[in-house]
Amino acid sequence: MNSTTAKQPDPEQINVILATDCGSTTTKAILIEKINGEYRQTFRGEAPTTVEEPAADVTVGVANAVTEVGELAGRKLIDDNGEIIRPAQGDTGCDIYISTSSAGGGLQMMVAGVVREMSAASAKRAALGAGAIVMDMICSNDKRLPHEQIQRIRELRPDMILLAGGTDGGTQKHVVELAELIAPAKPQPRFGGTYKMPIIYAGNHEAAQLVEDAFDEDVKLMTVANVRPVLEQENLAPARDAIHDLFLEHVMAHAPGYNKLISWADAPIMPTPGAVGNILQTIAEQQNINALGVDIGGATTDVFSVFDGTFNRTVSANLGMSYSISNVCASATLPMILRWVHLEMDPRELRNHIKNKMIRPTTIPQTREALVFEQAVAREALRLAYIQHKEFATTLKGVQQQRTVGDTFSQNSSGASIVDNMKLNLLVASGGVLSHAPNMNQTAAMMIDAFEPEGMTVLAKDSIFMMPHLGVLAQVHPRAALQVFERDCLIYLGTCIAPRGVYRAGKSCFRYHIRSDSLEESGEMLCGEMKLFPLDEAEQATVTVEPLRGYDFGAGSGKRKEFQARGGKVGLILDARGRPLAVPTSEKDHLTELNSWIEELQLYPEPALTEV
């Protein structure tokens, strides 16, 4: 814990919690209070972030957002000197104050490792897990010449560098060569020459002294435990902790007003994505589930996953809904986007819409056509970001796996993705296009189409992007964080049940029987069909499915399976479109099926058009 933070109060004595998230444009504040023995999120407020001129002091925006929360709550939270009042007494003050930050572009890092697929990949996982954007990865085998690598290091101006390489007790030569490449490049930190560039060394511990000798006083070198101590094992926590410490001590301490903010906070300030990852890990661990979270923004899409206790995060820096929308269209191609569009659209108008969205990123769709098109783009952005995530979230490469006869003929026996849609229990969405869709059925449809969940998956969305606040709170008071996450943060949309298996036009896929207090339904699903059943948030349904041979709900091909499905704002969705999801090749057949999905899921009901 940072030395500037106040002494931690006893968790049992915490009744009023104030949390802020300082974003690049908006600072969001929430109030969490203990009501009848349970923690609930009660009020929220926001104000423009003030890290830039004329204020050039992040605490001004924090005080403004907190003042708004205080006015709504009827509680004085800021004193006459502009400081947060603690501890709480009556209707004044709070017991603890915590914060996250991505202001000023968040945490930007460069990682360096000897082998791209091994030590460098482990270093990148550590940086991403700590909430960083990885600007580049320098490796001994990245096909760039030394002078090109040096030029790149000089251009980047990251906040810090993470250097890794070699297993403990292994070869020292290559990681020392990497250090000798970085040192003469004289990397400059983003916030100028007022402080030394922080470099974290997390490689072969026997090479630590040689690495230290390679650098001069121009850098602040910190040595931590190796991220890859042996080939078969990763140890990312020490590097992540060091990144958090340096983020506070160096990066944030040199940003306007952050020293004051750090002195206010009762826990170390975390990068916003790191905090989101933290709450997802906490939930997966507490509930013993596999979870996936996505945050789609204007420029980037973050994907977080926890499978069998292993956490991974990826940032798709070129897939977003405003600044990066043209890149989504180029990467996905227009035909792939238009397969989700059931209306006639003029290609020229679409090109104009894309350009306008880049020029005016905060605009929202004003017509039915614009909404349908934007949600089609979102599906492809999410699909591509998920592909990138699956490629990154793999078993450790370079490790000799247990091989079977089948593996002898396979090229991918090592480094297989640990992401398995059949094992996925909870899928959480956040980000403007998902959180603020005019109707929640649209959010559910976008998630199912992009991520293609298999078996039974619960769908939810973050109500007011509260996950960062709760991620920091989980470090201080896990019980409060979990209670608020379950009761106020997540809006449950419902459950999707879908089999793995190839689409066969016109053929039967599976039979189903649904039983709940309000529902008793049986029937047959043909390939390509979707069905929506109303199932209230407070309800659960027993769903029995009997797939035909070739279709699998998790029990094996053609084997019967029973699920306990939870309800939500949308309900229970049965999806027989096949996995991987396929659409008819004939345009006429595809349009017929697409319209049937839209009608069945009630995606664009007429009355909603006036609200868009």
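In which sense do strand E2 and E3 pair, and over how many bridges? In this predicted model, E2 (residues 26-35) runs antiparallel to E3, and 10 bridges join the two. One of the residues involved is Thr26, whose bridge partner in E3 is Pro48.

Helix H17 (residues 478-489) packs on this sheet, where it touches E1 (16-22), E2 and E3. The direction of H17 makes about 80 degrees with that of E3.

Step back and you'll find an open sheet of five strands, in the order E3-E2-E1-E4-E10, with mixed pairing. E3 (38-48) and E10 (270-271) each have a single partner strand, so one side of each is left without a neighbour in the sheet.

## A cluster of rings

Now for the aromatics: the whole structure holds four aromatic pairs. Phe510 and Phe553 make one that is edge-to-face, at 5.0 Å centre to centre with 85 degrees between the planes. Phe510 belongs to strand E17 (residues 508-515), while Phe553 is in the loop between E20 (540-547) and E21 (561-566), so this pair ties together parts 43 residues apart in sequence.

Phe510 counts as buried because its relative accessibility is 0%, and Phe553 is buried too, at 2%. Phe553 also pairs with Phe563: their ring centres are 6.3 Å apart and the planes sit at 65 degrees, so this pair is edge-to-face. Phe563 lies in strand E21, 10 residues along in sequence from Phe553. Ring pairs link Phe510, Phe553 and Phe563 into a cluster.

## Charges over rings

Two arginines are worth a look here. The charged end of Arg566 sits over the ring of Tyr492, 3.6 Å from its centre. Arg125 has its charged end over the ring of Phe392, 5.2 Å from the centre.

Key:
Residues are numbered from 1 along each chain as its sequence is written. This is a predicted model: local features need pLDDT of at least 70, side-chain atom pairs count only at pLDDT 80 or more; totals for chains, interfaces and linings use all residues. Side-chain values use heavy atoms; hydrogens and water are left out. Two strands pair if DSSP finds at least two bridges between them. Helices (H or I, at least four residues) and strands (E, at least two) are DSSP runs, numbered from the N terminus. Contact means heavy atoms within 4.5 Å. Axes are lines fitted to C-alpha atoms, for helices over the stretch in contact, and angles run from 0 to 180 degrees between N-to-C directions. Rings of Phe, Tyr and Trp (its six-membered ring) pair if their centres lie within 6.5 Å; planes under 30 degrees apart count as stacked, over 60 as edge-to-face and the rest as tilted. Buried means under 20% relative accessible area, exposed over 50%, partly exposed in between (1.4 Å probe, protein chains only). A charge sits over a ring if NZ of Lys or CZ of Arg is within 6 Å of the ring centre and within 35 degrees of the ring normal.
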